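Subject: Structure handover

Hello,

Here is the structure for you to look through. Please open it first and then read the notes below it.

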Amino acid sequence: MTSETYSQPGAVRGRGPRWNKVPEVTLYFWVIKILCTTVGETAADFLNSQLGLGLTGTSLVMSVLLAAAVVAQFRTATYRPSVYWLVVVLVSVVGTLISDNLTDNLGVPLEVTTAVFAGALALVFLTWARIERTLSIHSIDTVRREAFYWLAVLFTFALGTAAGDLAAERLSLGYWLSAVLFALAIGAVWLAHSVGLDAVWSFWIAYVLTRPLGASLGDYLSQSSDDGGLGLGTVLTSALFLLVILALVVFLTVTRKDVARREELSRTAV
């Protein structure tokens with residue numbers, strides 16, 4: 001696979017700062033990320049149960065849509081909020097389905113899937129760091145780095161799904177308590193980062209933890225009161241969160257508040 005650089009418009013090939021293919025990590029980033037994880041959980045449940053596609057049918061449909069979105073993302077020359085966040089939403093759904101298929105269709109215990117996905121994610125990070133010498137999200141400016149990035153994102157969603165289900169169901173914590181605990185865990189990561197935890201690892205640990213946080217919130221809002229939820233249903237919950245995501249993506253597209261300035265790319269690109 002080539003590692004051709006995505007150069008900025010008008011730049012001389014191989015010179016000067018390069019465009020990053022992913023957004024800057026801002027408050028908007030984390031808000032949309034959590035919303036996407038919630039949609040991933042509720043949309044997967046809606047397609048699987050209420051539309052009657054089943055896990056296999058839902059997995060096939062969403063995998064095809066994800067493949068098309070990933071191709072569009074790789075073909076862009078720079079970060080585009082609409083394309084990027086479409087991929088994240090679809091990865092969230094597919095990541096959920098991967099975990100659900102292993103657990104529900106194949107009977108693999110949640111303890112095992114959690115451990116397997118954690119190992120797979122660690123392998124991606126080790127290979128990425130060994131080949132590229134960096135895990136920084138400020139330098140996703142080659143085809144190879146972008147491939148590593150999206151592979152890592154996919155496994156974070158699958159791992160987060162398995163870990164979230166393990167906490168909420170097998171450990172009988174319930175959706176609301178699980179959400180609170182994962183939120184506290186993210187807060188602990190933020191505190192650790194403020195006293196010296198490496199920024200790259202802080203980001204990826206928080207990225208994993210936002211998956212079960214969003215899933216727990218989604219289940220709490222959508223599931224019936226008999227199951228410990230508020231009973232809003234998967235359709236209403238998914239629609240509300242998708243509307244908020246759309247509004248934020250439009251806002252970011254217009255304001256470009258999550259796009260790094262050229263001088264920032266010069267300092268952070270590796």
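**Overall fold**

Among contacts in the protein chain between residues at least 6 apart in sequence, 74% join residues at least 24 apart; contact here means heavy atoms within 4.5 Å. This is a predicted model, in which local features need pLDDT of at least 70 and side-chain atom pairs count only at pLDDT 80 or more, while totals for chains, interfaces and linings use all residues. Residues are numbered from 1 along each chain as its sequence is written, and side-chain values use heavy atoms, with hydrogens and water left out.

The protein chain has nine helices and zero strands, in the order α-α-α-α-α-α-α-α-α. Helices (H or I, at least four residues) and strands (E, at least two) are DSSP runs, numbered from the N terminus. Of the 270 residues in the protein chain, 47% are buried. Buried means under 20% relative accessible area, exposed means over 50%, and partly exposed lies in between (1.4 Å probe, protein chains only).

**Confidence**

The average pLDDT of the protein chain is 83, and 89% of the residues score at least 70. pLDDT is the predictor's confidence in each residue, from 0 to 100. Confidence is highest in helix 4 (residues 110-132), with a mean of 93, and lowest in helix 9 (residues 262-268), with a mean of 44. Over residues 262-270 the pLDDT is below 50, and this stretch has 19 contacts in the model beyond near neighbours in sequence. Residues 1-17 also stay under 50, and the model has 36 contacts for them beyond four places in sequence. Where pLDDT is low, the predicted coordinates should not be read in detail.

Helix 2 has 22 residues, which at 1.5 Å a residue should span 32 Å; its end C-alpha atoms are 32 Å apart, so the two agree. The expected span is 1.5 Å times one less than the number of residues. The buried residues of helix 2 are L55, T58, S59, M62, L66, A69 and Q73. They cover an arc of only 105° around the axis, which puts them on the same side of helix 2. The arc is that of the directions from the helix axis to the C-beta atoms. On the face turned away from the buried side, helix 2 carries the exposed residues L60, V64 and R75.

Which residues does T58 touch, leaving aside its neighbours within four places in sequence? T58 is in contact with L47, N48, L53 and L97. T58 lies in helix 2 (residues 54-75) and has a relative accessible area of 0%, so it is buried.

Helix 6 (residues 175-194) can be checked in the same way. Its 20 residues should span 28 Å, and its end C-alpha atoms are 29 Å apart, which agrees. The buried residues of helix 6 are Y175, S178, A179, F182, I186 and V189. Seen down the axis, these buried residues fall within an arc of 100°, so they line one face of helix 6. L184 and L191 are exposed on the other side. After helix 6 comes G196, whose phi is positive, near 130°.

**Rings and a charge**

Rings of Phe, Tyr and Trp (its six-membered ring) pair if their centres lie within 6.5 Å; planes under 30 degrees apart count as stacked, over 60 as edge-to-face and the rest as tilted. By this rule there are 23 aromatic pairs. The rings of F125 and W128 have centres 6.4 Å apart and planes at 25°, so this pair is stacked. F125 and W128 are three residues apart in helix 4, and therefore separated by about one helical turn. Both F125 and W128 are buried. Y149 and W150 form an edge-to-face pair, 5.2 Å centre to centre with 85° between the planes. Y149 counts as buried because its relative accessibility is 1%, and W150 counts as buried at 7%.

The charged end of K33 sits over the ring of Y207, 4.2 Å from its centre. The rule requires NZ of Lys or CZ of Arg to be within 6 Å of the ring centre and within 35 degrees of the ring normal.

**Backbone angles**

Most residues other than glycine have a negative phi. R133, which is not a glycine, has a positive phi of about 65°. R133 lies in the loop between helix 4 and helix 5 and counts as exposed at 68% relative accessibility.

Regards
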